Amino acid sequence: LGAAGRRLSAMMRFMPKSRGRSTSAPTCFASPGGEEVAQPVRLGICAMEKKVASKPMQAILKLLTKHGDIEVVTFPEEVILGAPVEDWPHPVDALISFFSDGFPLDKAEAYVQLRQPHCVNDLTAQRLLLDRRRVYALLEENGIPHPQAVCVERDPDSGQLLGAAAERFDEGDDFLMIGETKVVKPFVEKPVDAEDHNICIYYPSSAGGGIKRLFRKVGDRASDFDSGVHHVRKDGSYMYEPFMKTQGTDIKVYTVGPEYAHAEARKSPVIDGVVNRNEDGKEVRFPVVLTPKEKEMARRVCLAFGQMVCGFDLLRTTMGSYVIDVNGWSFVKGLPKYYEDAAAILRQHVLTATGRSPLMRRVESLLNCSDLNLSEGADGEKGALEDNSAENTTRSDRWEHEELLAVLAVMRHGDRTPKNKMKLATQRTEFVRLHQHWATGPRKEVKLKAPKQLQEVLDLTYSMLGHEDDDGSPNLPRPSPAEASAGAAGASASGDGAVASSGTAATDASPGTPNIAVSTEPLDERTREALRLIRTVLDTGGALDWIIRK
């Protein structure tokens, strides 16, 4: 096929793989006009009713179906719980299914095995999310930063210690010894069961001891402190990891595919256990911009766990960012922009995976044309003519099924010239007194822009430079504009009266002018050069009332 074939081959490599069902020939039906129109993709929603009926889920499903190319098929909860998988809704081309309390994950996996729909979130991989040990193991395998945890395993029936803890498990006042590993307080104790959210933080005796119990939000509480407990729990299997100090916030990251992540920060429940809520009763959260490294972590989490839509918890510390928990299907609440983004990404994913996207249809049409031309190419000239005809057709309708999604541009205004700045750090008393005169406080910034202010700076500059000019010539005192005008007026009346008139005019024209004495301390070369530059700039053009602040 030449260059066209290579391009098609490259595109096909990035298409999602089907799960045992053909996606190359979408089912069609006849429209009233007689032409064939592809049926909408049937997207199954298999989850507990409470999750499906939530506001975020309903908002996204509504946006998913507004184009008419996706039809949502909701599995009733009574069917999920009571009916065999053979009686579940069928056919569906793609499936959104995720675990929550009471959901029969085994039956959902059996349904996928039976009907082979495309799964947006991998159901089998969701089992990993139910065990924190397996979550951390997969994070480690994929190079995703996470706390280094030590596990104390116990037999669920007998309570007998297993693994490294069976060889050695010692508890001191401020440490645990598990096998050959020592964990020092403060440390975090997590149940290995990811559905158990009762997490404890143990504090050292130097900080007063005690524990802080973290739990799912109850009213306006998310944690409680107990100063009377000092020993770890021994009623099950737990993981122990170092307590990580943050800036008082936890970060929740929500992915929709490997290239999209939304992050929000909330007050950490470790602080005081009080949940901050807004007027609608929702927990107060703030948008967070992820760093490039954190975005890469989000991409890896999405791919490693096979969950296109998922959430995970992130801690930012002085040592870096760490993933401390990975959840299943999670949505941002109360953010319409996120709903639009999530629906657009999910729609494109489902259409592509089922062979209904404009790109896939275009690829198929090109492949069909190529196959036809190759089969007739043996006839020599006839094949060449057909090839040219197909090429012309391809060029004419090249953009027929394409849709412009966005135009990205990077622009900068061009009505500014680069700034030429001079910075001088100084402790000279002359400048300190000038600041004291104009600033509203000793630590407040002051900007001298008015002609009167700039004139004072220029006069002070002349006084500090004294009688030494750039070339060593005498530097005569420079009269201010008021002095100059008053002197000219006095000179026109009588020669000797010019000095008196000039002095009177200067006093009346500049009320509040600071009387700054020039220090006898010699100027260093850097300060001298700066003063010469100030003098050169402010002297340009004569009077200062012409300066354009812009």
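Predicted model: local features only at pLDDT ≥ 70, side-chain atom pairs only at ≥ 80, totals over all residues.

Residues are numbered from 1 along each chain as its sequence is written, and side-chain values use heavy atoms, with hydrogens and water left out.

**Stop 1: a run of strands**

Select residues 169-171, which are strand β9, and residues 175-178, which are strand β10. Strands here are DSSP runs of E with at least two residues, helices are runs of H or I with at least four residues, and both are numbered from the N terminus. β9 and β10 run antiparallel and are joined by three bridges; two strands pair if DSSP finds at least two bridges between them. Click F169 and look across to β10, where its bridge partner is I178.

F175 has V184 in β11 as its bridge partner. This hairpin has two residues between its strands, and in it G179 takes a positive phi near 65 degrees.

**Stop 2: S321**

Next, select S321 in strand β21 (residues 320-326). Is S321 buried or exposed? It counts as buried because its relative accessibility is 15%; buried means under 20% relative accessible area, exposed over 50%, and partly exposed in between, using a 1.4 Å probe and protein chains only.

Show what surrounds S321: leaving aside neighbours within four places in sequence, it is in contact (heavy atoms within 4.5 Å) with P145, E294, M297, L314, L315 and R316. Zoom in on E294, whose side chain makes a polar contact of 2.6 Å with the side chain of S321. A polar contact is a pair of N or O atoms within 3.5 Å; within protein, one must be able to donate a hydrogen and the other to accept it, and residues adjacent in sequence count only if both atoms are side-chain atoms. Then pick P147: it is 174 residues from S321 in sequence, but 9.9 Å away in space, C-alpha to C-alpha.

**Stop 3: W438**

Finally, jump to W438 in helix α12 (residues 429-438). W438 counts as partly exposed because its relative accessibility is 25%. Not counting residues up to four places away in sequence, W438 touches V446, L448, Q453 and E456. With E456, a 3.0 Å polar contact joins the two side chains.
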